[in-house]
Every structure is written in C-alpha cells, then in structure tokens.
Amino acid sequence: MSQLDELLSINKMLVEDQPQYRRDSGSFPKDVVNQRKLMRSLMNVRYPRMIPQKLLEAQDVYLSKELKPGDVLLLKDGVYPKNLNLRNLHKTEEAQELRRIF
C-alpha cells in the first residue's frame, strides 16, 4: 500500500469516527502532504475516548514508518541529565551524554 493510500485509509477511519468533519475533510487535496495535514488535524481535534482498534493499528503502522534512527529518546528508570533541553536536544551536550548512557 502506498503512503497516500495509507493516509487516505486512516483519514477515512478518522472521519467515520468524527462525522462532523466529513464535509471539511473533503476539501483537502488528495496528495501526501495535504492528507498528512488532514490526519494530524483530525487526530488533534479528536476528543479523548476509546479508539477503534483498526484505526489505532493503521496509525501505528504509518507513524512507525516515519521514524528515523535517533527520533525517539528512551529514558530508562527516569535517568536523564539535569536541565535537559528538549527544544534543541540534538545540539546539546545532554544529547551526547544520553547517547553515552544508552
């Protein structure tokens, strides 16, 4: 399945879960960039409640493909340097320290 097909499928499920956005979602062009924006928008406005398992799995598969090495920082046992700067983490000494620890 192509990236666009995955996004269209996820967005269809998100709209089915939130029918009040059906009309607005139809105005987004059918390309990867705009469908990704639509997905993010629909995910952001969704009220907290149980999510259909099929939608959760589809989102997980899609978003997992977008991860690059180094995009995820796992902190074991709450160990992290003091004054951890999350905004510019990749540029800081803390980042090197975290790489050394993990």
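This report describes the helices, the nonpolar core and selected residues of a predicted protein model.

Residues are numbered from 1 along each chain as its sequence is written, and side-chain values use heavy atoms, with hydrogens and water left out. Because the model is predicted, local features need pLDDT of at least 70 and side-chain atom pairs count only at pLDDT 80 or more, while totals for chains, interfaces and linings use all residues.

**Overall fold and confidence**

The protein chain has 5 helices and 0 strands, in the order α-α-α-α-α from the N terminus on. Helices (H or I, at least four residues) and strands (E, at least two) are DSSP runs, numbered from the N terminus. Of the 102 residues in the protein chain, 25% are buried; buried means under 20% relative accessible area, exposed over 50%, and partly exposed in between, with a 1.4 Å probe and protein chains only. A contact is a pair with heavy atoms within 4.5 Å. Among contacts between residues at least 6 apart in sequence, 61% join residues at least 24 apart.

The predictor's confidence in each residue is given as pLDDT, from 0 to 100. The protein chain averages 81, and 66% of the residues score at least 70. Confidence is highest in H1, at a mean of 96, and lowest in helix H5 (residues 93-101), at 55.

**Packing of H1 and H4**

The axes of helix H1 (residues 3-17) and helix H4 (residues 53-66) come within 10 Å and cross at roughly 145 degrees. These axes are lines fitted to C-alpha atoms over the stretch in contact, and angles run from 0 to 180 degrees between N-to-C directions. On the H1 side the contact includes Gln3, Glu6 and Leu7, and on the H4 side it includes Lys54, Leu55 and Ala58. The contact residues divide into 8 nonpolar, 2 polar and 4 charged. Here Ala, Val, Leu, Ile, Met, Phe, Trp, Tyr, Cys and Pro count as nonpolar, Asp, Glu, Lys and Arg as charged, and the others, Gly among them, as polar.

**Core and selected residues**

The largest nonpolar core has 10 residues, among them Leu7, Val15, Leu38, Met39 and Tyr62. Such a core is a set of buried Ala, Val, Leu, Ile, Met, Phe, Trp, Tyr and Cys residues joined through side-chain atoms within 4.5 Å. H1, helix H3 (32-45) and H4 each supply at least two of its residues, and H1 gives the largest share, 5 residues.

| Residue | Contacts (heavy atoms within 4.5 Å) |
|---|---|
| Glutamate 6 | Met1, Val61, Tyr62, Lys65 |
| Methionine 39 | Leu7, Ile10, Asn11, Leu14, Tyr62, Leu63 |
| Methionine 43 | Leu14, Gln59, Leu63 |

Glutamate 6 lies in helix H1 and is buried, with a relative accessible area of 11%. Methionine 43, in helix H3, counts as partly exposed because its relative accessibility is 28%. The C-alpha atoms of methionine 43 and asparagine 11 are 9.3 Å apart, and the two residues are 32 apart in sequence.

Notes: Lists of a residue's contacts leave out its neighbours within four places in sequence.
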